[in-house]
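Visitor: Before we go through the terms used for this model, could you show me the chain itself?

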Amino acid sequence: MKMMIYDEIASKVKDVLPKKRYNHSLGVAYMASSIAMKYGEDYERAQIAGVLHDCAKYLDDEKMISECKKYGIEISKAESENPQLLHAKVGAYYAEHIYGVSDEEILSAIRCHTTGKPDMTFLEKCLFVADYIEIHRTQPSEPPLDEIRKIAFTDLDMAVYLELVNVVGYVKGQEGQTLDENSVKTLEYYEKLIKSRN
């Protein structure tokens, strides 16, 4: 299957996502492509990863699990307890089989955009951070999102680390939520990376 161009993809995503989620996806595509341009990377790939990262987010928990079983997608303990985490893996599957994306790095970026993973590629980091800092986001964080937005354009690894500190700390503070082990491993990796630079 031939991959659609960005405008075709965005139009198709618009047909399945609620308006707020679609606007978020456009925001992530814009932010990811802006970060990529800043670092001299391929902004078109970042843009496609951004607009598709939540392409399965409209599914309810039951459908998310059934899609994973149908397509042989592994479900972790944290994902079984919070099936909405699965939208990343299902989204990567949809990106390939519905939208024609054959670029494995784009698929991997979509697959790990919720938890991250140790030693991410530029595109994986770009999408991971763009999803967190896109302009529609307003959640409280420390340091504040505006500061992380600035850091993302000067030190992407630091932005990844600060995001992970915030996300892992938030989940740990939520009663009854299971922290995905990939997030913990990713935080440990980037914490060591940042400390090794000092």
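This is a predicted model: local features need pLDDT of at least 70, side-chain atom pairs count only at pLDDT 80 or more; totals for chains, interfaces and linings use all residues.

Visitor: What makes R21 and D54 a salt bridge?

Guide: A salt bridge is a side-chain nitrogen of Lys or Arg within 4 Å of a carboxyl oxygen of Asp or Glu. The closest N and O atoms of R21 and D54 are 2.8 Å apart, and the pair forms a salt bridge. This pair links distant parts of the chain, since R21 is in helix α2 and D54 in the loop between α3 and α4, 33 residues apart; helices here are DSSP runs (H or I, at least four residues), as strands are (E, at least two), numbered from the N terminus.

Visitor: How do you know that E181 and K185 also count, and how far apart are they along their helix?

Guide: Their closest N and O atoms are 3.9 Å apart, and E181 forms a salt bridge with K185. Because they are four residues apart in helix α11, E181 and K185 are separated by about one helical turn. At 54% relative accessibility E181 counts as exposed, while K185, at 43%, counts as partly exposed. A search of the whole structure finds 14 salt bridges, and R45, D103 and E105 are linked in a network of them.

Visitor: What makes D42 a cap of α3?

Guide: A side-chain oxygen of D42 lies 3.0 Å from the backbone nitrogen of E44, at the N-terminal end of α3. A polar contact is a pair of N or O atoms within 3.5 Å; within protein, one must be able to donate a hydrogen and the other to accept it, and residues adjacent in sequence count only if both atoms are side-chain atoms. At the start of α7, a side-chain oxygen of D103 reaches to within 3.0 Å of the backbone nitrogen of E105.

Visitor: Which elements do the buried residues of α7 pack against?

Guide: Those buried residues are I106, L107, S108, A109 and I110, and they pack against α3, α6 and α8, where contact means heavy atoms within 4.5 Å.

Visitor: Why is D119 called exposed?

Guide: D119 has 53% relative accessibility, and therefore counts as exposed. D119 lies in the loop between α7 and α8, and its phi is near 55°, a positive value in a residue other than glycine.

Visitor: How many nonpolar, polar and charged residues line the second largest pocket?

Guide: Ala, Val, Leu, Ile, Met, Phe, Trp, Tyr, Cys and Pro count as nonpolar, Asp, Glu, Lys and Arg as charged, and the others, Gly among them, as polar. The lining of the second largest pocket has no nonpolar, three polar and four charged residues.

Terms used: Residues are numbered from 1 along each chain as its sequence is written. Side-chain values use heavy atoms; hydrogens and water are left out. Buried means under 20% relative accessible area, exposed over 50%, partly exposed in between (1.4 Å probe, protein chains only).
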